[in-house]
Amino acid sequence: MENSRRKFIKQSAIFTAATYAGTMGMSAKSYGRIIGANDRVRVGVVGFSDRFKDTLLPCFLNHNKELNFDIVGLSDLWNYRRDLGIEHLKEKFGHDIKACRNNDELYAMKDLDAVIISTADFQHALHTIEAVKANCDAYVEKPFAETMDDAKAALKAVKATDRIVQIGSQRRSGENYANAAKYIQDGKFGPITAVDLVWNVNQPGRWRRPELVAKLKEEDIDWKRFLLNRPTEAFDPRKYLEYRLFWPYSSGMPGQWMSHQIDTVHWFTNLKHPRSVVANGGIYTWKDGRRNWDSMVAVFDYGQPNAEDGFQVTFTSRMQNSVGDVGEVYYSNGGELNLITNKVSPKGGLKEKEAAAMGLKANLLPEFDLSKSEIKAATGANMGGDLLTSGHMRNWMECIRSRKTPNGPVEAGYSHSIANIMTNAAVRTGAKAIFDENRQEVIANGKVFKY
């Protein structure tokens, strides 16, 4: 009965689209993709990760009843996590969930409309390609890609379809960040002179999963399928579960944390990538066999290509002292735009005495509140997750129905991936990384950076 109803609604939408397209100049095919307002959107889960369980699912549950979305299937390579996920989702939704050993089984389901992808960092781009080729919309966790080959292939695949792909850069759905973007783009801030990005924690267990590592046996997963296009390597439960610590499965700090923050630079300035990146750091404290650094500083040069003006961005991250916490601060000659306090202020701006010494006038920004009103999740009772991600999830769900471009489009993911890969290239080679615009490749030491 449900399948018949869905078929009728979709056929009606196509018929309506054919009539509407004649007057509005839009193709019937485009409107045939719109899911009826009363039609339930059936969602699959790609990877029962901690991120999905603890954040993405609660955020989905904030809106699914109102917007008529349901979760119907889950794919996970590990039988243990797959079974946990199925039971958890059954409890939340009150009905059976299809258990899938891999994504082939998931996309073989009938009437699957969309997927939520929260797998290992290096898999996001490739899993996005699978999703859009299966005619599914997708919410994709960041980083979008860890190599340019994957980034280019995924961008091409998405752009060849009309699928709605939301990159999990949830700052793009925050009112304070939207206000900051408008403030800068309206010219009120003046030219950006510098940006400080900071992400500091003091967590020896960050990205570690020792109890799960002890449970995982090679016979319980498809290790070859997990590796996808990465070089063949012997089974290692740590690389499967603690992948954030091991290149080439993750770049660690750049992909996990910096990709969020550097995305705001691209958004606010409409620049697509840095002109160059240098980086330094190391594994100074947590010597547990990891490959990725526990402390780093990356310095970016941003601006128009071949222009003399521009600005510098620094990303500082450490995992053994949390002073400085997490935040983004933008500077101009007139003051600062602080996304920790959500205030624009004249702090650090050019004062009268210093200006007069060079025959100039003072340049001090007026105070401005970037959080004029509280960030809203646009829902009633909030059952979990953070407000930024809740708003971002809702935006994706609404765009699935409207077919409008979401707040975090695939192009944003492509851009943060370039910055991420340039940073990782600088980390791995010790050289200044640049981007070859014509070839769409990251270059370090005169060579295209791969692994």
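In this predicted model, helix 8 meets helix 16 through Met-148, Ala-151, Lys-152, Leu-155, Val-158 and Lys-159 on one side and Val-410, Glu-411, Tyr-414, Ser-417, Ile-418 and Ile-421 on the other. Contact here means heavy atoms within 4.5 Å, and helices (H or I, at least four residues) and strands (E, at least two) are DSSP runs numbered from the N terminus. Residues are numbered from 1 along each chain as its sequence is written, and side-chain values use heavy atoms, leaving out hydrogens and water. Because the model is predicted, local features need pLDDT of at least 70 and side-chain atom pairs count only at pLDDT 80 or more, while totals for chains, interfaces and linings use all residues.

**The helix pair**
- The axes of helix 8 (residues 148-159) and helix 16 (residues 410-429) come within 10 Å and cross at roughly 175°; axes are lines fitted to C-alpha atoms over the stretch in contact, with angles from 0 to 180 degrees between N-to-C directions.
- That makes helix 8 roughly antiparallel to helix 16, a label for angles over 145 degrees.
- This contact has 8 nonpolar, 1 polar and 3 charged residues, where Ala, Val, Leu, Ile, Met, Phe, Trp, Tyr, Cys and Pro count as nonpolar, Asp, Glu, Lys and Arg as charged, and the others, Gly among them, as polar.

**The overall fold**
- The protein has 16 helices and 17 strands.
- Of its 451 residues, 56% are buried (under 20% relative accessible area, 1.4 Å probe, protein chains only).

**The largest pocket**
- About 500 Å³ of space lies in the largest pocket; a pocket is an open set of points on a 1 Å grid over the protein atoms alone, with protein on both sides within 12 Å along at least five of seven lines, and lining residues have an atom within 4 Å of a point.
- Arg-51, Lys-142, Arg-206, Gln-256 and His-260 are the closest to its centre among the 25 lining residues.
- Helix 3 gives the most to this lining, with 4 residues.
- The pocket lining has 6 nonpolar, 8 polar and 11 charged residues.

**The cavities**
- The structure holds 2 cavities of 30 Å³ or more; in a cavity, a 1.4 Å probe fits but cannot get out.
- The largest cavity has about 400 Å³ of space, and Gly-47, Thr-119, Ala-120, Gln-123 and Tyr-240 lie nearest its centre.
- The second largest cavity has about 60 Å³, and helix 13 and helix 16 each supply at least two residues of its lining.
- Trp-207, Trp-293 and Arg-428 are among the residues lining the second largest cavity.

Terms used
Points joined across faces, edges and corners; volume = space filled by probe spheres on them. Parallel < 35°, antiparallel > 145°, perpendicular 65-115°, else oblique. Buried < 20%, exposed > 50% of the residue type's maximum accessible area, 1.4 Å probe, protein only.
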